[in-house]
Amino acid sequence: MRSGAFALGLLAILVLSGSSVAAAEPPVLAEAGATVTRVPTQDSGTPTEDSGGTPTPPPASSVPTANATSVPAGATVTPMPSAATPTPAPSAASATATPVPVSGSPTPAAANQMDQSADPFRDREDRMALMVGRARVNAGLLPLARSVQLDRAAIAHGQNMAARGYMDHDGPDGSPASRAAAQGYETPRGSAWLVVETISAISDDPEGALGWWLSDGVHRRVVLRAVWREVGVGYVQGGPYGRFWVALFGCRPNMLPPVLMDGMLDIPTESCGRSADAFGPVQSVRVGETSAAAASQDWTDYAAQQPWPAGRPAVVGLRDASGQQLEVHAADPTGAATQVP
């Protein structure tokens with residue numbers, strides 16, 4: 001561990017976008033100096049936590065020992081040149097709840113390449129996203145698609161904390177939900193669709209940060225919560241601990257992005273929220289390497305996973321009980337879609 005630097009992990013705050021959840025109790029000092037805020041339960045209108053899998057504890061030398069100090073909200077933020085906000089890449093799913101997919105956007109692979117040149121830590125963040133996906137699969141859950149909106153919100157909050165010298169989920173730049181909404185990741189007011197955040201300053205490597213989250217009961221329940229469909233990752237250098245990791249987990253209506261990982265095609269369903277105009281739980285699917293190939297297939301009963309050749313693209317058609325259809329291009333946890341040869 002770097003001499004004089006402190007490592008720290010913080011609890012994710014569960015937030016309903018634009019709405020107030022049960023009043024938070026005063027922070028409680030937990031083991032190893034983590035600041036903990038009570039997570040709302042189903043009584044406050046949010047889904048219950050899911051858990052599973054075996055956590056991997058970090059090395060004993062990586063245990064955090066102190067808390068960050070907040071700075072007055074009026075302090076001036078100086079952007080950090082070493083962690084610039086990346087150029088937007090498209091989400092793994094860009095369709096809405098209609099039979100026709102959204103068009104006119106750059107391909108996921110092309111936009112991901114733009115992100116690589118804009119964000120100096122993109123490779124490290126991609127490793128974290130892939131590791132989160134594999135940890136979830138090992139726990140019997142689906143991996144998560146990469147959201148460029150959540151990426152931008154995570155990086156921006158890391159920059160804000162580093163520039164102002166604090167470590168918290170609520171800060172001068174807002175809350176996890178408001179920061180996500182400012183980047184275009186909106187969840188309806190008063191709904192069960194959610195944005196949740198985890199923060200760590202324990203290590204420069206994703207193994208250290210994720211290991212700490214999985215070794216702590218509350219953080220582990222956040223990372224391994226079944227309802228999530230998308231994730232955003234930000235890594236920023238600087239601040240009182242030398243670095244910040246920020247991960248945002250979310251689910252929003254009409255966004256059901258499939259994920260290609262380790263020879264499997266993982267297809268989510270709607271299990272987070274409900275509303276009259278939202279796409280419902282998936283009843284049937286059809287899959288092909290192109291839109292035309294998928295449309296030529298018969299609808300089959302929904303299955304969350306199916307083997308898929310590594311390196312091959314996948315276009316997934318989804319249909320709910322009311323007949324609404326989505327067509328979504330699958331991508332890997334880095335946000336890159338395999339291209340047709």
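This is a predicted model: local features need pLDDT of at least 70, side-chain atom pairs count only at pLDDT 80 or more; totals for chains, interfaces and linings use all residues.
Local features need pLDDT of at least 70 and side-chain atom pairs pLDDT 80 or more, while totals for chains, interfaces and linings use all residues. Residues are numbered from 1 along each chain as its sequence is written, and side-chain values use heavy atoms, without hydrogens and water.

Helices (H or I, at least four residues) and strands (E, at least two) are DSSP runs, numbered from the N terminus. Helix α3 covers residues 148–164. Gly-165 follows α3, with a positive phi near 75°.

Twelve salt bridges were counted (a side-chain nitrogen of Lys or Arg within 4 Å of a carboxyl oxygen of Asp or Glu). Asp-151 and Arg-122 form one at 3.6 Å, N to O. Asp-151 lies in α3 and Arg-122 in helix α2, so the pair ties together parts 29 residues apart in sequence. Arg-146 bridges to Asp-126 at 2.8 Å. Arg-122, Asp-126, Arg-146 and Asp-151 are linked in a network of salt bridges. Asp-262 meets Arg-134 at 2.9 Å, N to O. Asp-262 is exposed, at 52%; Arg-134 is partly exposed, at 37%.

An open, antiparallel sheet has the strand order β9-β10-β13 (pairing requires at least two DSSP bridges). Its edge strands are β9 and β13. Met-264 stands opposite Pro-307 in β13.

How values were computed. The expected span of a helix is 1.5 Å times one less than its number of residues. Buried means under 20% relative accessible area, exposed over 50%, partly exposed in between (1.4 Å probe, protein chains only).
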